[in-house]
Structures are given as structure tokens and as C-alpha cells.
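Below is a report on selected elements of one chain fold. It covers a helix pair, a sheet and a single helix.

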Amino acid sequence: MKKTIAGASIILMGCLIFGACGKNGSEQSVGDREVINQVSLLQGLTLGDYNGSITAKQLKEKGDIGIGTFDALNGELIMLDGAVYRAASDGSVEEVPDDETIPFSNVTFFDDDETFDIADIKNVDDLKAALNKKVDDLGSNQFYFVKVEGNFSKMNVRSEYAQEEPYKPLATVLETDQTFFDYENISGTIVGLYCPDYMNDLNAVGWHFHFISDDKEKGGHVLDLATDTAKVKMDMTSSFAMILPDNEMFSNFDLTVDQSYDIKRVETGED
Ligand SMILES: [Zn+2]
């Protein structure tokens, strides 16, 4: 359901963080649409829990836009307009079958709350700055999903090879098993998630971008980009719910260890 930002904040002020507003088992309500659903913790993924805990079919019941990865870390997940795509280690994109499983993801139902144009984006930091201007206006303690649609003069993405058990930590995997793809003049959509600062122990704070081309043939985790102009559609979401894996590996992790350094490396590909 589309509504104004102001309306959304008021309606959702009563929602508790970490509790979904939707009614159990009911069909989709306004509350269900206004929830960021997160599967697992990024910190679980970082430690090496690549065991899929939810199917693509179940994920699609939680949202129609999202980002994440697949069982065994087999590529980057992009959900767009209700379809779940894998950007594989060879850079190719496929829509995954409903029984494919997912260890980590964030999804929501996208509402086009705000639409605006951005221009003269020379790198990923320019994109973050342009989006943050709007986030600062609307409130930096909310969650935001964006679609950034345009033709990108530069689009640098990465994916990774599927892993075999026993799983190594993500930062170790990415040292050897990342694959990089640099495109020029490619049209497509960036799916981006903004997490507020207080999410530090549960996810990466700030922006995280995945890309998929209009022809659904190329995509990955965005490392850098450039575009003269692009259209941004932004969805503010004021509620957050978590779906934790019920597996032995996840249940027994020591999550007291500070992983902020590893998470930065994982997100940006830099030290
Ligand atoms: Zn990513």
C-alpha cells in the first residue's frame, strides 16, 4: 500500500523494533508491508554460517525487494519486483528455483514513498552522499530500501564462488574466491538497503548495494559505479523483524567478538 512518509511514521510509531507489526498467519496487511525482514545476522554470515535456512519461496512471502546471498555463499542475491535472482561467480544472472535456500537476506515490500533524480554520480561515495541527503531529511534512524534506475557509465560488481564445508569465515573466503566484473554503459537497477547506526551488531550500517541489469543477465554486489543521472525510488520502513536460523553452527557462535573490521572488508573489498 502506498502512503505518505508522514502517514507511515505515525501509523508505525506503535510498532516495536524487533517485532513485526503484521498479524500472525493473516494475509498481507499494512504492517506486513512496512517491515524489514532479516534472515540471520550479517555477523553469523561473516563467521561462516552459509547454511541456507529459508527457501526462496518463503522469502518471497516476506517481501518483493531485497539483497542477500545463497546457501554455500553461492552468489549474490537480488530480489526485484518479486523475483529472486542469483548473480553467480561467473557474473551471470539467473532466477532461482523456489526451493533454493538462503542463509542471509534483508527483504521488504517496496512502496514508492519518494521519487527523485540524482546527477553527476562519479563513484559509490557520491551515490551514498546523494541518498543520505534524503535520509537526513526523512530521518536517519529509519530503514530505507531504494531502487536506483539508470544507465551506468561504470558499474563494478563482485560475486563469489560457492563454498564447501567446513566453511571458512567470509573475509577469508573473499581473499581468494571473489570474482570482479567491470561494466561500462550498462542499464539496470541498483537495489540498496540503508541500516541505521544502531544496527551495528546485526548488519552492516549505512548503505549496501546490489545491481542487476535490465536484461537480467549481469549483476552482483556493487563496489563502485558512475552515472550522469539516475532515478531513485525510496521506501522508508519503520519496523524490523529477524528470522534466526535454527542450526547448530549459528546457535553456538561466539557473537561477542567484535567483527567490525571484517565487515568493512567484506562490504567494500578494502582493508
Ligand atoms: Zn552484497
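The crossing of helices α6 and α8 is left-handed, a term used when the near helix is turned anticlockwise from the far one by less than a right angle. The model is predicted: local features need pLDDT of at least 70 and side-chain atom pairs count only at pLDDT 80 or more, while totals for chains, interfaces and linings use all residues. Residues are numbered from 1 along each chain as its sequence is written. Helices (H or I, at least four residues) and strands (E, at least two) are DSSP runs, numbered from the N terminus.

Helix α6 spans residues 170–177 and α8 spans residues 260–268; they pack at about 30° with axes 9 Å apart. Axes are lines fitted to C-alpha atoms, for helices over the stretch in contact, and angles run from 0 to 180 degrees between N-to-C directions. Leu170, Ala171 and Leu174 of α6 meet Asp262, Arg265 and Val266 of α8, where contact requires C-beta atoms, placed from the backbone, within 7 Å. These residues divide into 4 nonpolar, no polar and 2 charged. Here Ala, Val, Leu, Ile, Met, Phe, Trp, Tyr, Cys and Pro count as nonpolar, Asp, Glu, Lys and Arg as charged, and the others, Gly among them, as polar.

An open sheet holds 7 strands in the order β6-β5-β4-β3-β8-β1-β16, with mixed pairing. Its edge strands, β6 (93–95) and β16 (240–243), each pair on one side only. Neighbouring strands are turned by 20° against each other on average, direction ignored. Strands pair if DSSP finds at least two bridges between them. The pairings of β1 (residues 36–39) are tabulated next.

| Pair | Sense | Bridges | A bridge partner pair |
|---|---|---|---|
| β1 and β8 | antiparallel | 3 bridges | Asn37 and Val107 |
| β1 and β16 | parallel | 4 bridges | Val39 and Ile243 |

Both faces of β1 are covered, with Ile36 and Gln38 buried on one side and Asn37 and Val39 buried on the other. A residue is buried if 20 or more other C-beta atoms lie within 10 Å of its own, with C-beta atoms placed from the backbone.

Helix α5 (residues 124–138) has 15 residues and should span 21 Å at 1.5 Å a residue, which agrees with its end C-alpha atoms being 21 Å apart. The expected span is 1.5 Å times one less than the number of residues. Leu127, Leu131 and Val135 are the buried residues of α5. They pack against β9 (114–121), β10 (143–152), β13 (186–195), β14 (206–213) and β15 (219–237). Just after α5, glycine 139 takes a positive phi of about 125°.

How values were computed
Two residues are in contact if their C-beta atoms, placed from the backbone, lie within 7 Å. A residue is buried if 20 or more other C-beta atoms lie within 10 Å of its own, exposed if 12 or fewer, and partly exposed in between; C-beta atoms are placed from the backbone.
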